[in-house]
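Student: I am new to this structure. Could you walk me through it with questions and answers?

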Amino acid sequence: MSKCLVVYFSASGITREVSKRLAEKMEASLFEIQPQQSYSRADLNWNDSESRSSLEMKDPNSRPAIKNQVQNMDQYDVIFIGFPIWWYREPSIIDTFMESYDFSGKTIVPFATSGGSGMGNSSQNLQKLAPNADVKEGKRFGSRVSGTELAKWAAAYL
C-alpha cells in the first residue's frame, strides 16, 4: 500500500475538518500548512479589494511564507493536498508549498472545500508547479462530506 500524506491549508477550519476525516479514514499522515503570518478575518475579506488575500490572489507571483515543513517528504508516494477555493483557484500559499519540495515521481491529488465554486484551474496550476509529479484532477467537497465518501474517492489513487 502507498504511504499517504494529507496536507492542507485551512483559513476558516472547514478544510481542516475535511482533511482530518480523510486522513483518519485513509490511515494517512496529516500535515497543516501554517502561514508565517496568520490570516485575520480582515485579511480574508474577499469583498475588500485591498485585503491581504485579495492582494495575494491578484499577484500570480505571490508566495506567502510558510512557518513549518513536512519532515521526510521522500517517504510519501501519494499526497492529497486540501485547500479552500479562493478566486476560483488554490490560495497562493499552496503555490509556496508546491515550490518547496521535489515531488518527482509522486502522485498529487488536490481537493478543495467551497460553498459552490469548483476547482477552477487548480489541478493544472499544481501540475505546472510540480512538473515531474502525476497531478490528478481535483475534486471539490462540501463541509459535511462524510469520511466514508472521502475514503471511497481517495481509494482510486492508491
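Student: Which residue forms a salt bridge with K136?

Tutor: A salt bridge here is a side-chain nitrogen of Lys or Arg within 4 Å of a carboxyl oxygen of Asp or Glu. For K136, the closest N and O atoms of the pair are 2.8 Å apart. The partner is D134.

Student: What should I know about the model itself?

Tutor: This is a predicted model, where local features need pLDDT of at least 70, side-chain atom pairs count only at pLDDT 80 or more, and totals for chains, interfaces and linings use all residues. Residues are numbered from 1 along each chain as its sequence is written, and side-chain values use heavy atoms, with hydrogens and water left out.

Student: Is D134 buried, partly exposed or exposed?

Tutor: Buried means under 20% relative accessible area, exposed means over 50%, and partly exposed lies in between (1.4 Å probe, protein chains only). K136 has 26% relative accessibility and counts as partly exposed. D134 stands at 36%, so the class of D134 is partly exposed.

Student: How many salt bridges are there by this rule?

Tutor: The K136 and D134 pair is a salt bridge. R63 and D95 also meet in one, at 3.8 Å from N to O. By the rule above, the count comes to nine.

Student: Where do R63 and D95 lie?

Tutor: Helices (H or I, at least four residues) and strands (E, at least two) are DSSP runs, numbered from the N terminus. The pair links distant parts of the chain, 32 residues apart. R63 is in the loop between α2 (52–58) and β3 (78–84), and D95 is in helix α3 (residues 92–98).

Student: Which residues are linked with R63 and D95 in a network of salt bridges?

Tutor: E90 forms a salt bridge with R89, with the closest N and O atoms 3.1 Å apart. E90 is buried at 1% relative accessible area, and R89 is buried at 17%. Linked with R63 and D95 in the network are R89, E90 and E99.

Student: Which residues does T96 contact, beyond its neighbours within four places in sequence?

Tutor: T96 is found in helix α3. T96 is buried, with a relative accessible area of 12%. Contact means heavy atoms within 4.5 Å. Leaving those neighbours aside, T96 touches R63, P64 and I66.

Student: What is the distance between the end C-alpha atoms of helix α1?

Tutor: The expected span of a helix is 1.5 Å times one less than its number of residues. Helix α1 (residues 14–26) has 13 residues, so the helix should span 18 Å. The distance in the model agrees with this: 19 Å.

Student: Within what arc do the buried residues of α1 fall?

Tutor: In α1, T15, V18, S19, L22, A23 and M26 are buried. Seen down the helix axis, they line one face. The arc is that of the directions from the helix axis to the C-beta atoms. For α1 it is 130°.

Student: What do the buried residues of α1 pack against?

Tutor: An α-helix has 3.6 residues a turn, so residues three or four places apart point the same way. The buried residues of α1 pack against β1 (4–8), β2 (29–32), β3, β4 (107–113) and α5 (147–155).
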